[in-house]
Amino acid sequence: MPTEGTGCGPQLISSAFSSLMIFLVISWVLPALTGFVSHNDPPAYDDAVRLPDPVTELLLSATLTAVLCCDILRTGVRARRGARLDRKPVLAPAFNEMIVERAD
């Protein structure tokens with residue numbers, strides 16, 4: 001579990017990147033290889049079974065990317081809020097009751 005205020009960016013980046021790479025390899029690289037079952041071959045399963053896998057990979061990539069963006073925004077907001085709270089408030093000049101003046 002990450003410490004307070006650090007966010008969990010590296011874990012989300014690696015998850016989103018690996019999910020995206022798996023999707024790209026399945027959809028672009030593997031069909032170019034000989035011996036890989038491509039869309040030109042007769043399907044072993046019907047379209048309803050073959051379609052969800054690439055769609056699920058794409059949706060998983062999009063979801064992880066959205067979570068990463070939300071985490072980056074949340075971390076930025078918390079950092080700005082923390083920096084704002086660390087500053088000392090600027091007080092308006094007020095009457096100083098400690099000054100003693102001579103009365104002549």
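What percentage of the 104 residues in the protein is buried? I got 11%, taking buried as under 20% relative accessible area, exposed as over 50% and partly exposed as in between (1.4 Å probe, protein chains only).

Ground rules, before I go on. I am working on a predicted model, where local features need pLDDT of at least 70, side-chain atom pairs count only at pLDDT 80 or more, and totals for chains, interfaces and linings use all residues. I number residues from 1 along each chain as its sequence is written, and my side-chain values use heavy atoms, with hydrogens and water left out.

Entry: secondary structure. I looked up the elements and found three helices and zero strands, running α-α-α from the N terminus on. Both kinds are DSSP runs numbered from the N terminus: helices are H or I with at least four residues, strands are E with at least two.

Entry: surface. Leu33 sits in the loop between α1 (9-32) and α2 (47-50) and is partly exposed at 48%.

Entry: contacts. I checked pairs with a separation of 6 or more: 81% of those contacts are between residues 24 or more positions apart, a contact being heavy atoms within 4.5 Å. Then I picked Gly9, in helix α1, which is buried at 13% relative accessible area. From Gly9 to Cys69 I count 60 residues in sequence and 9.1 Å, C-alpha to C-alpha.

Entry: cysteines. How many disulfides does a search of the whole structure find? I get zero, with the cut-off at a pair of cysteine sulfur atoms within 2.5 Å. For Cys69, the nearest cysteine sulfur is that of Cys70, 7.0 Å away. Cys70 is likewise in no disulfide. I logged accessibility too: Cys69 is partly exposed at 42%, whereas Cys70 is exposed at 52%.
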